[in-house]
Amino acid sequence: MIGEQLHTLETDVLVVGGGVAGCIAALAAREQGASVLVCDKGGRLAWSGSVGGGVDQFLAVLETEEEWDQPAYLMASVSQLTDGLVDLEVVERMVYELPRVFRRIEATGVRFRDKGADSYMRHRAFGLPGAYHVDFDGKKFKQTIARAVRRSGADDLTRCSVVDLFQVDGELAGALAMNIRSGDLYAIRAKACVLATGDVNRISRNVSDMPFATWHCPYNTGDAQAMALSLGGVLANMEFIEATLGPTGFSSQGTNALTGLGAHYLNRQGERFMFKYDPLGERARRSVLVDAVISETLEGNGPIYLDVRHLPAHELANIERTLEVDRHTVPGFLRQKGVVLAEEPIEISISEFSIRRSGVYFRGSGVVIDASGQIGIDGVYAAGDCCTVSAGIAGASSLGWIAGASAASYAKRRTSGAELPAARFASGRAALEELFDERRTTSYWEFEDAIRETVTRDVGFRRSEEGLARAREQIAALREMETELRAHDAHEASRIVEAVNIRAMAEAMAVAAQTRRETRGSSHYRVDYPAVDDAWNQVLGLRRGESGLERLVGPAEGPWKAMWGSSPVETDDVAGQGR
Amino acid sequence: MTASSDRSHNPIVIDDELCIRCPLCDIVCPGDIIIRGERTKIDPPVVAYPAECWYCGLCEQSCPTSAITIVFPDRMIDPPLTFADLVDGR
């Protein structure tokens, strides 16, 4: 089943993950003249990644005459928006690059303006200090940039999972990849690499107990984060969870749009409760809304409803279309459920959680990068939701551009690439072949269910020392089970690779959550340390050591690359060590 | 081990009469869930891994003859758990 065909490929820049960050990285690297190969697990770049089905807004700084429309003006608010827990140096590079990257994307044919319109439709959202978001019909956004990637002369390898990256004498040599349907293997020699595989999903349960029916893309499973750890990179902000509000039963986009139109949040008693939590009521920051719904539910005032009946008739008439742009299937879900939004309030609930950016713009969880996109390993770069600065498709585009250009210029400086290390390639291949051994008996989904049960109960919305210690034990025990995981085809083998990465991310999350003995909003809520502790105004990093994950600390507002060479913290009393 | 989700529900219902065997659903599916028929022009596509569907609807949206309907399982329409259950770890 595996490796009946072995293909050998060579490229200057290997891009792992062909979503927005990966595609823009490919364009940047091609513009520098580097040869580029993009690997993605999806069937075609045109529809793959988190926004393959469409997107409706882009955070842009356009340097118009408006005072707020300048990079410096936005930067002045970043510290407050992120509660001072973000690498400002990297955000600054991302924000200053945005105007140029926006125009570059527009040049690929993406229509950010309606036909004939001479200005952009912009609105203010998510607590940002200006109307940065450009509203546009992005149904074909991904198709358009994928076409530009193809035109640029970059090659792509779709339905392909990159399983391993190899270094020789501290230099990147290349990768082992597998076609997830045919099982064909690829030995890819590369001089530089951009990791762009997105966030971490399938790590917790939702009320429907449907592990793949998630808010974010369920095929994003922390593959880059796990590879970065293996190479010696550092992960940060891994303790924070991100969840959303959706119609009960379907973790999906949509409530943002309804909230933007002016929907009211009601509790079981019919009370418009949001004003109890914030003087702005329903116009508060998104993370405030999510926190409020969590509190209200746990206080016994659920279920919670969204009510749009008071909206003007013309908006009610288009409300299905509004919901459909971000998630095509939401109107069908409401139809099957028998809910008519114009006539009755709809019950909403909190989704499963993922590891992405703790619901806060710019405050990413993942691989620590510097302002060039490098991860502290020669020749290896990262961009998008897998790294520590995350800001939707805008962040993915801008950092993708930076990482792609940096990778290309690094590749150019190397005279020749290294040969793939034969023994390590062979053992990577053997590990895949062993998944088919009939003495193995555990399915990937049983293994994943066990991870999700533990993480949801003990590493979730409410955390305690006791629960986190228990979770760490159980997650460590699950590692032993990995040698029992059985595949029957290449597709299942790729799911096992994902499941193993999800477990590694669960371990990182549990270690980080246990170490941070304080509470930071609902994304890290310790019932035993329920207040913010100023001594914890520092970032927590994780690196693979000889006996498990090492904990590192750094200054809250960066530069986080300071953690790359730093010594691990040996004591459990970590507060205040990073300042 | 938990007895989590029922893995049998098929979310992607393909109308055999309307389907023109064009493999577009196979191509657009981000999760490698739908596999074109063995004889692409003759056999209908197969929903090979129904439990791994994201419910993104790209297949339904892309189908040139509207032969695909996304059908949600009972457990999404009427969920077996509440948020409080998940937090309490029941």
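What follows is a short chat about a predicted model, in which local features need pLDDT of at least 70, side-chain atom pairs count only at pLDDT 80 or more, and totals for chains, interfaces and linings use all residues. Residues are numbered from 1 along each chain as its sequence is written, while chains are lettered from A and ligands numbered from 1 in the order in which they are written.

Me: In what order do the 4 strands of the open sheet in chain A run?

Reply: The order is 15-10-18-19 in chain A, with antiparallel pairing; strands here are DSSP runs of E with at least two residues, helices are runs of H or I with at least four, and both are numbered from the N terminus. Two strands count as paired if DSSP finds at least two bridges between them.

Me: And which strands stand at the edges?

Reply: Strand 15 (366-367) and strand 19 (548-555) of chain A do, and each has a single partner strand, so one side of each is left without a neighbour in the sheet.

Me: How many bridges join strand 10 and strand 15 of chain A?

Reply: Strand 10 (residues 235-236) of chain A pairs with strand 15 of chain A over 2 bridges in the antiparallel sense, and A:Ala236 stands opposite A:Gly366 of strand 15 of chain A.

Me: Which helix lies across strand 18 of chain A?

Reply: That is helix 16 (residues 490-515) of chain A, which also lies across strand 10 and strand 19 of chain A and runs at about 135 degrees to strand 18 (538-545) of chain A. Such angles run from 0 to 180 degrees between N-to-C directions, with axes fitted to C-alpha atoms, for helices over the stretch in contact.

Me: Where is A:Arg520, then?

Reply: A:Arg520 is in the loop between helix 16 and strand 18 of chain A. Leaving aside neighbours within four places in sequence, A:Arg520 is in contact with A:Asp83 and A:Val532, where contact requires C-beta atoms, placed from the backbone, to lie within 7 Å.

Me: Switching to chain B, which helices and strands does the secondary structure hold?

Reply: Chain B has 4 helices and 4 strands, and from the N terminus on its elements run β-α-β-β-α-β-α-α.

Me: What is the radius of gyration of chain B?

Reply: Chain B has 16 Å, whereas a compact globule of 90 residues would have a value near 12 Å, by a rule of 2.2 Å times the number of residues to the power 0.38, with the radius taken over C-alpha atoms. Along the principal axes, the C-alpha atoms of chain B fill a box of roughly 50 × 25 × 20 Å.

Notes. Two residues are in contact if their C-beta atoms, placed from the backbone, lie within 7 Å.
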